[in-house]
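Colleague: I have not looked at this one before. Please walk me through it, in whatever order you like.

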Amino acid sequence: TIALQISVIYIAITLICSLAYFSVGMSPFDAIVHAMTTVATGGFSNYDASFGAFNPGAEYICVIFMILAALPFVRYVQLVNGNLFAVFNDVQVKTFIVITFTLIVISTAFLYSDFGFEREEAVRKALFNVTSIISGTGYSSADYAKWDGFLVTMFFFIGLIGGCAGSTACSVKVFRYQLLYASVLTQLKKIRSPNGVFIPRYDGRAIEDDVLSSVTSFFIFFIVTLGIIAILLGMTGLDLTTSLSASAATLANIGPGLGNEVGPAGNYAGLSDLAKWILSAAMLIGRLELLAVYAVLTIQFWRA
């Protein structure tokens, strides 16, 4: 079955990842811990410095496996079953790779030109941290909260992109943006040509109205939930940057936020108990894809 094949592939990738980490100097324990949280895009590290505690080789290996984890696992099933181009023929994968590559190039240029990083270090830090945030893994190898204001703002928003549907990544996910873009593009065409007939399409196929309705509802619930959580955190005494970035980081299951307290060089330990309860709820809501949680909270669900 597909579920069994995905499970075997997931375990195989995790084992290969742990061996790769071990080959660049990680202890067996560190290699296993980080392999499990890399492929799961969980981002947990048993070191406060995260990947800053390891040599540069570990960062490059981690990037490879974070990207693999952010791609649809069903495509790997097709790959092992003989469809050699299954992964790269997926329009979602193409879009994710293009977005990630573009953001890495932009970040590298800023780090090299404005912050005096050596060329290799600029590439490596941009490559690692952009991939970590956009995939929702949440590792860090540098305190990017201290980088240029543009880069900090960019890092906030790329965490709201996420990986592909069918991956271990969280957040909004690329395909929802693609569907929303197709819908907006169709509406613009209808405004320009009111008598025309335009049908939104995704990968050459017409998008059903109920699918577009579901995606639009998700976006609305996501933004509203993000705002409510940020307001609640602000009421606990946190500043705007911490409140907004912490709500985004937990709802999208990224991990680190921005600022000194919850940024890549900090953690959530210093927050009040109430703030931690709010963020715990945000993580659960985000991981369960919002709509399922809100459906459970309705009276009609329990009457059914």
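Modeller: Start at Ser-171, which sits in the loop between H7 and helix H8 (174-192). Helices here are DSSP runs of H or I with at least four residues, strands are runs of E with at least two, and numbering goes from the N terminus. This is a predicted model, so local features need pLDDT of at least 70 and side-chain atom pairs need 80 or more, while totals for chains, interfaces and linings use all residues. Residues are numbered from 1 along each chain as its sequence is written, and side-chain values use heavy atoms, without hydrogens or water.

Colleague: OK. Is Ser-171 buried or exposed?

Modeller: Ser-171 is buried, because its relative accessible area is 8%. Buried means under 20%, exposed means over 50%, and partly exposed is in between, using a 1.4 Å probe and protein chains only.

Colleague: And what is the phi of Ser-171?

Modeller: Near 65 degrees for Ser-171, which is positive although the residue is not glycine. Most residues other than glycine have a negative phi. Thr-41 is another non-glycine residue with a positive phi, about 45 degrees.

Colleague: Where is Thr-41?

Modeller: Thr-41 is in the loop between helix H2 (28-39) and H3. Thr-41 has a relative accessible area of 5%, so it counts as buried.

Colleague: Switching to charges. How many salt bridges are there in the whole structure?

Modeller: A search of the whole structure gives eight. The criterion is a side-chain nitrogen of Lys or Arg within 4 Å of a carboxyl oxygen of Asp or Glu. One of them pairs Glu-59 with Arg-124, with 3.0 Å between the closest N and O atoms. Glu-59 is in helix H3 (residues 56-69) and Arg-124 in helix H6 (residues 119-134), so this bridge ties together parts 65 residues apart in sequence.

Colleague: Are Glu-59 and Arg-124 buried or exposed?

Modeller: Glu-59 is buried, because its relative accessibility is 2%. Arg-124 is buried as well, at 9%.

Colleague: Which other residue does Arg-124 meet in a salt bridge?

Modeller: Glu-120, at 2.9 Å from N to O. Glu-120 and Arg-124 are four residues apart in helix H6, so about one helical turn separates them. Glu-120 is partly exposed, with 41% relative accessibility. Through shared partners, salt bridges join Glu-59, Glu-120, Arg-124 and Lys-125 into one network.

Colleague: What about Asp-90 and Arg-75?

Modeller: Their side chains form a salt bridge too, 2.7 Å from N to O. Asp-90 is in the loop between helix H4 (73-80) and H5, and Arg-75 is in helix H4, so the pair links distant parts of the chain, 15 residues apart. Asp-90 counts as buried at 6% relative accessibility, whereas Arg-75 is partly exposed at 24%.

Colleague: You mentioned H5. At what angle do the axes of H5 and H7 cross?

Modeller: At roughly 160 degrees, with the axes of helix H5 (residues 91-114) and helix H7 (residues 149-158) coming within 11 Å. That makes H5 roughly antiparallel to H7. On the angle scale, under 35 degrees is roughly parallel, over 145 roughly antiparallel, 65 to 115 roughly perpendicular, and the rest oblique. Each axis is a line fitted to C-alpha atoms over the stretch in contact, and angles between N-to-C directions run from 0 to 180 degrees.

Colleague: Back to the loops. Where is Ala-70?

Modeller: Ala-70 lies in the loop between H3 and H4. Ala-70 counts as buried because its relative accessibility is 0%.

Colleague: How far apart are the C-alpha atoms of Ala-70 and Ser-135?

Modeller: They are separated by 5.7 Å, although Ala-70 and Ser-135 are 65 residues apart along the chain. For another pair, the C-alpha atoms of Gly-234 and Thr-131 are 29 Å apart, with 103 residues along the chain between these positions.

Colleague: Which helix holds Gly-234?

Modeller: Helix H9. Gly-234 is partly exposed, with a relative accessible area of 33%.

Colleague: Last one: where is Met-235, and is Met-235 buried or exposed?

Modeller: Met-235 is also found in helix H9, which covers residues 209-235. Met-235 counts as exposed because its relative accessibility is 67%.
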